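Here's a quick briefing to read alongside the model on your screen. Take a look at the picture before you go on.

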Amino acid sequence: MGMKLCESQTVASGDGGKRYHCGALTYTKMGLTALFAWLLWGDFCFTLMEAVGPSVLPLKLKSLGCSNWLIGLVLTTVPNIFTMTVCPYVSVKSDRYRSRWGRRIPFIVWTMPFLCLSLMLIGWTDAISSFLHNHSTFLSNYAPATVSIALIGVFIAMFSFFNMFVGSVFYYLFNDVVPAQFLARFTGVFRIVGTVAGAVYNYFVFQYAESHMREIFLGAALLYFIGFGIMCLMVKEGEYPPVDAQPPAKKGKMLIELKTFLRESFTHKIYWMIFLLTTVSAGRMAINPFWIFFSKEMGLPLMDIGKLGAITGITSLGAMYVASVFIDRWHPLRVTAYMTLFSGVGALTGFVWVFVTLPGNYYFWLSLASGTLETFFGALGAASSMPLFMRMFPQSRFGQFCSAQSILRSFLCLGASVLAGLYIDTIKFFCHGSDFAYRFIFGWQFLGSATCAVIIVIAYREWYRLGGDKHYHPPATWDPKGYEEMPVVKTQGPQSKWIAVALRLFGAVVAISMLCMPGLMAWMAHRQAMRALSWHAYVLLPLSLVAWTYWRHVRKNILKDLERARKGEPLVNGIPHHGVLVVKGILYLAVQAFWIVQVVIAINLNMEIGAIVFTASNVLTSFLLIGILQGICRIERGYSTQLDDPVAPIGRETGR
């Protein structure tokens, strides 16, 4: 289809009010507000419903004696099979489906009763298992726990099948009904509502996960059926362009459609890189079901775990909306690239908990403080994912490309979920069955982060090659031009003033790590912590001096290139974009305070090894930050040569 499905305009009406258009849909300000309200209400209900299974079922399966690999198999393998099969079918069919109710909402409404039924069956697993075990000669030969595990697997499969219809089309609906100039801001508010829903669940409900499983699943089913159902009634889809003429039905039509799907979706490098990025990211998150066991290993009860999730989620609310505005200015792919490169820092430094065990109350407050900071600043990355797909995928086949992405992602996750469980079980074997093995979760995360970093660098360079900020249009094999025209949202280039701020922040992080160490060493001497004092004096302080020297070298190269850019000369190293760097600089400057507190606590508790590990982690962080900044300069080299360009209004370009 050569025409655009959701061409957005803003015009003044005859009565002086503005009208906002998205394809055949027209909104007043009140109409647009109502649209946002109903979509966000639906998201609230949908998020609460989806939060229940991943949080409650790992605890339930663990109580039934499941191994870690079996937990991964039950919770993620079957859903990923459906993602590889049902999701592509629904996505492509919804792209081409036409009815008076639209092309997305019918798929949601038709499956709603069955999805709610499967949720209730999961909640009643114990009662159903007991009934079947007592009245079935065949099942009575198996242990009650085995019957319960099998039933949970069956009910999860039912839920996943019907939920796939919703998960496949709900997010596509935004691209069809929300005007383009509001998409990033809408997705920011959308993330806020999802965070609120998660916080409500974590704070008020999660603590009853082990004692009131039935009531939790029943409540989720009722909320989804009533709340999400009302949203489907209130949100109206517009008329869509007619579907391309299809050839007459004939033998082999399905094979032809499959070849077309594969040719259109998998023939360009930029799409492969985005698909692989989300695929490896999903594999990285395959370890997530075991986070709750890590938290319990660190001495936290379920109530505190729920509070941590709720409070850290709430802190990101304001940041989420602000982040959505800056994503438009900086471009979602750039934000994703920079945030991905920094993501490995937290995973690598998380290994401190392999060597340090703090009392539960200390760990709770330190985790609350650091988690709040990380969540607040991490909102930028969370808010960029959906706008990234909307800006990089062709609009006429948005559902198709999202489903192609899902196929690849689910194929990896089929094995990743089981491998994550085997990873934990293997470490547990060497830990003699101890839950200490859950502290090695960070190893899995770091491997995923490092792989994602390689992929995003390739994707970022390819995006630049295809036009970057100013001229990118999605490659399209079905269009004679070779690309599909889409609105080009103007972005802001590197700003010398803010680059200077970012450099000062990064310099402060490295300097504090070096300058505060003598003061901490004096405290160690006062507390007679001579082992920690020796390590700081002979190893860690010299390493921090090396980090400072490294920083001065990188900073000098950046300043030289800034001067070259002002003179219009070719760059030697490259100029980083200021946006994410300022955000990360503020974050890691605040982290320095937590490092000092961690060392003081460790010394006061006579945990000298802990003090050494905390400082070593902080010095490592300095090296990582400098290295990542240097790497960012390299990927920007040859492209970011203009400084201090103003933000231009939304426009449209038709050439490449």
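Let's start with Asn80: setting aside neighbours within four places in sequence, Asn80 is in contact (heavy atoms within 4.5 Å) with Ser410, Cys413 and Leu414. Keep in mind that this is a predicted model, where local features need pLDDT of at least 70, side-chain atom pairs count only at pLDDT 80 or more, and totals for chains, interfaces and linings use all residues. Residues are numbered from 1 along each chain as its sequence is written, and side-chain values use heavy atoms, with hydrogens and water left out.

- The average pLDDT (the predictor's confidence in each residue, from 0 to 100) of the protein chain is 84, and 91% of the residues score at least 70.
- Over residues 1-8, pLDDT stays under 50, and the model has 31 contacts beyond four places in sequence for them.
- Where pLDDT is low, the predicted coordinates should not be read in detail.

**The overall build**

- The protein chain holds 23 helices and three strands; both are DSSP runs numbered from the N terminus, with at least four residues of H or I for a helix and at least two of E for a strand.
- The protein chain has a radius of gyration of 26 Å, close to the 26 Å that the globule rule gives for 656 residues, so it is as compact as a globular protein of that length. That radius is taken over C-alpha atoms, and the globule rule is 2.2 Å times the number of residues to the power 0.38.
- Along the principal axes, the C-alpha atoms of the protein chain fill a box of roughly 80 × 80 × 50 Å.
- Of its 656 residues, 55% count as buried; buried means under 20% relative accessible area, exposed means over 50%, and partly exposed is in between (1.4 Å probe, protein chains only).
- Among contacts in the protein chain with a separation of 6 or more, 83% are between residues 24 or more positions apart.

**The nonpolar core**

- The largest nonpolar core has 194 residues, and those with the most contacts inside it are Leu39, Val178, Tyr224, Phe228, Trp353 and Phe393. Such a core is a set of buried Ala, Val, Leu, Ile, Met, Phe, Trp, Tyr and Cys residues joined through side-chain atoms within 4.5 Å.
- Which helix gives this core its largest share? That's helix 5, with 18 residues.
- Trp353 is in contact with Phe294, Met298, Leu358, Tyr363, Arg439, Phe442 and Phe614, leaving aside neighbours within four places in sequence.

**Residues in helices**

- Asn80 sits in helix 2 (residues 68-96) and counts as buried because its relative accessible area is 12%.
- The C-alpha atoms of Asn80 and Met164 are 9.8 Å apart, although 84 residues separate them along the chain.
- Ser148 is in helix 5 (residues 144-177). Is Ser148 buried or exposed? Ser148 counts as buried, because its relative accessibility is 5%.
- Beyond its neighbours within four places in sequence, Ser148 is in contact with Leu64, Thr125, Asp126 and Ser129.
- Thr195 belongs to helix 6 (residues 183-205) and is buried, with a relative accessible area of 16%.
- Thr195 and Gly309 are 114 residues apart along the chain, with 9.7 Å between their C-alpha atoms.

**Residues in loops**

- His268 lies in the loop between helix 8 (253-265) and helix 9 (269-284), and it's buried at 18% relative accessible area.
- Leaving aside neighbours within four places in sequence, His268 is in contact with Glu462, Arg465, Leu466 and Pro475.
- Gly350 is in the loop between helix 13 (332-349) and helix 14 (352-355), and counts as buried at 6% relative accessibility.
- Gly350 and Tyr460 are 110 residues apart along the chain, and their C-alpha atoms are separated by 28 Å.

**Strands and cysteines**

- Strand 2 (residues 18-22) and strand 3 (residues 25-27) pair in the antiparallel sense over three bridges; pairing takes at least two bridges found by DSSP.
- Tyr20 has Tyr27, in strand 3, as its bridge partner.
- How many disulfides (pairs of cysteine sulfur atoms within 2.5 Å) does the structure hold? The count is zero.
- Cys431 counts as buried at 18% relative accessibility, whereas Cys516 is partly exposed at 27% relative accessible area.

Notes: A disulfide is a pair of cysteine sulfur atoms within 2.5 Å.
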